[in-house]
Amino acid sequence: LLLSILGAPGLGDPGPLEDVVIDRYYIPKICLREAQMGDFIRYHYNGTFKDGTKFDSSYDRGATVAGVVGVGRLITGMDRGLQGMCVNERRHLIVPPHLGYGSIGVAGLIPPDATLYFDVVMLDIWNKKDKLQITTLARPLHCNRTVESSDFVRYHYNGTLLDGTPFDSSYSKNSTYDTYVGTGWLIKGMDQGLLGMCAGEKRSIIIPPFLAYGEKGYGSAIPPQASLVFSVLLVDFHNPKDGVSLEHLEVPEPCRRRAASGDFVRYHYNGTLMDGTLFDSSYSRNHTYNTYIGKGYIIPGMDQGLQGVCVGERRRVVVPPHLAYGENGAGNKIPGSAVLIFDVHIIDFHNPEDPVETETLYRPEGCNLTTRHRDFIRYHYNCSLLDGTKLFSSHDYEKPQEVTLGTDKVIEGLNRGLLDMCAGERRVLIVPPHLGHGESGARGVPGSAVLRFEVELISMEEGVPEGYLFIWHGEPPAGLYEQMDLNKDGEVPAEEFSTFIKTQVAEGKGRLMPSSDPDKVIADMFRNQDRNQDGRITPEELKLKSDEDQEKIHEEL
């Protein structure tokens, strides 16, 4: 019938049509819905006569046709011919006169008894009973929180009409769309469609016109009575009432101390946006982030989020934008209004007022003699950071470490920790950086690092007062120079001096400054007394340290 109407060769005229002729010359592979009686539809068409003369076209007017199908608002042939169409379906319709404009026609446009030919494409179908259509395309495995009314959301979207025509995209602007949900800032359909989403979730949201821009449409991109399709990716969201959210990933046991305001913290971190995008990492710089907490040196959210941490703890800190970088963001990596997630690992912390922390592991019974200032000691030690990183150990060498306490040969915190120890005693010392290597650190020691020492005192020798190399146990012998001049030749060379001093020590009359090299101490004593450096001491050159000190007092006076 259709072929004959269109003038196929070799066939005669079958006579007038009784009903509309429908040629479904393009049917989309996916048809989610067919136009039914009472549905609202939007479509484009070209209208011609049998000879191809065009009498009307929605394309020429630059606007689609919108109306209700099957309720008599269209000519009967169109009402029938549009029913059952899918979105994006294309049809040829042949409408006989009695189903078109009949014997009257349309003055000046359609003559009486005209058969009409329509080429139609369906663009949109909806019904007043329609609801929002939400399809979840992807959802994260872990979703601890979903969008609620009054939340502030950041999302990407592609917006199309129901026929697939794009009208807007946040991706083309290279920026998320940021707004509150449920407060009337969005069309009703988006306000509803974003509820219940997780950060990182993808949804398809189909919005009927009465929940979108309705009869007026929006600009030239969204026609009146248009259903809208949004493909949405929720990047992040928060509520203005949100505080910092903490997740304790790993807390060491025991935790003897927790960080508080005023403490100086060293920590590693990875900083990501809510969708997992990494914006910063201390690990990439191979250096901890070092700062005071509770003093405003870092964003408020981290100032709060680091309170109460333990050494070695791993913690996730989720910071809403009003406690981070706010609406402006930071640089080109942190967008405005972005929620920030910090995965932190606490290396150590201290307070500038901290003393050396001492824990005695073992102390021999009957310990009456302990180390004092200026004593010479031998000890073993292991030195590490608080996270267990080994730095130095005396066990790596052939013999114990040797030092005279109070001579600035070791860091002050270790010097303090070695005082009042018995031979054989073992201790753990926690040394804050201001009593260690300070902000600059040392070779192998990071700046501002808290150090942990395991020490064992091997032996100790009583020291001498500062500035002395030798002291008498009693009064110096009368005629000191004459006794020192062993061969009575009126001068004391280095050999005689050394023999004399060693004899005094052996007889218990005096003692040298403790050292692993007594001969060097005696050589230093001789050099101090040999004032003109001629290799011998004369009576005029020999002076006791106490006499020298007295002379200095008189000079100052």
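Strands E14 (residues 264-273) and E15 (residues 278-281) run antiparallel and are joined by 3 bridges; strands are DSSP runs of at least two residues and helices (H or I) runs of at least four, numbered from the N terminus, and two strands pair if DSSP finds at least two bridges between them. Glycine 271 has aspartate 280 of E15 as its bridge partner. The hairpin formed by E14 and E15 has 4 residues between the strands, and glycine 276 in the turn adopts a positive phi of about 95 degrees.

The model is predicted, with local features requiring pLDDT of at least 70 and side-chain atom pairs counted only at pLDDT 80 or more, whereas totals for chains, interfaces and linings use all residues. Residues are numbered from 1 along each chain as its sequence is written, and side-chain values use heavy atoms, with hydrogens and water left out.

The chain is divided into domain 1 (21-126), domain 2 (133-238), domain 3 (245-345), domain 4 (357-461) and domain 5 (470-556), with bounds from an automatic or database domain assignment. The C-alpha centres of domain 2 and domain 3 are 31 Å apart, and 8 residues of domain 2 are in contact (heavy atoms within 4.5 Å) with 10 residues of domain 3. Between them the two domains bury about 690 Å², 63% of it on carbon and sulfur atoms; buried area is the accessible area (1.4 Å probe) lost when two parts are put together, summed over both. Arg154, Asp236 and His238 supply 57% of the area that domain 2 buries against domain 3, more than any other three residues. Across this interface 0 salt bridges are found, a salt bridge being a side-chain nitrogen of Lys or Arg within 4 Å of a carboxyl oxygen of Asp or Glu.

The overall count is 39 salt bridges. One of them joins lysine 54 and aspartate 60 at 3.0 Å, N to O. Lysine 54 is partly exposed at 45% relative accessible area and aspartate 60 is exposed at 55%, where buried means under 20%, exposed over 50% and partly exposed in between (1.4 Å probe, protein chains only). Glutamate 402 and arginine 378 likewise form a salt bridge, with the closest N and O atoms 3.0 Å apart. Glutamate 402 lies in strand E22 (residues 401-404) and arginine 378 in strand E20 (residues 376-385), so the pair ties together parts 24 residues apart in sequence. A network of salt bridges links Arg24, Glu89 and Arg91.
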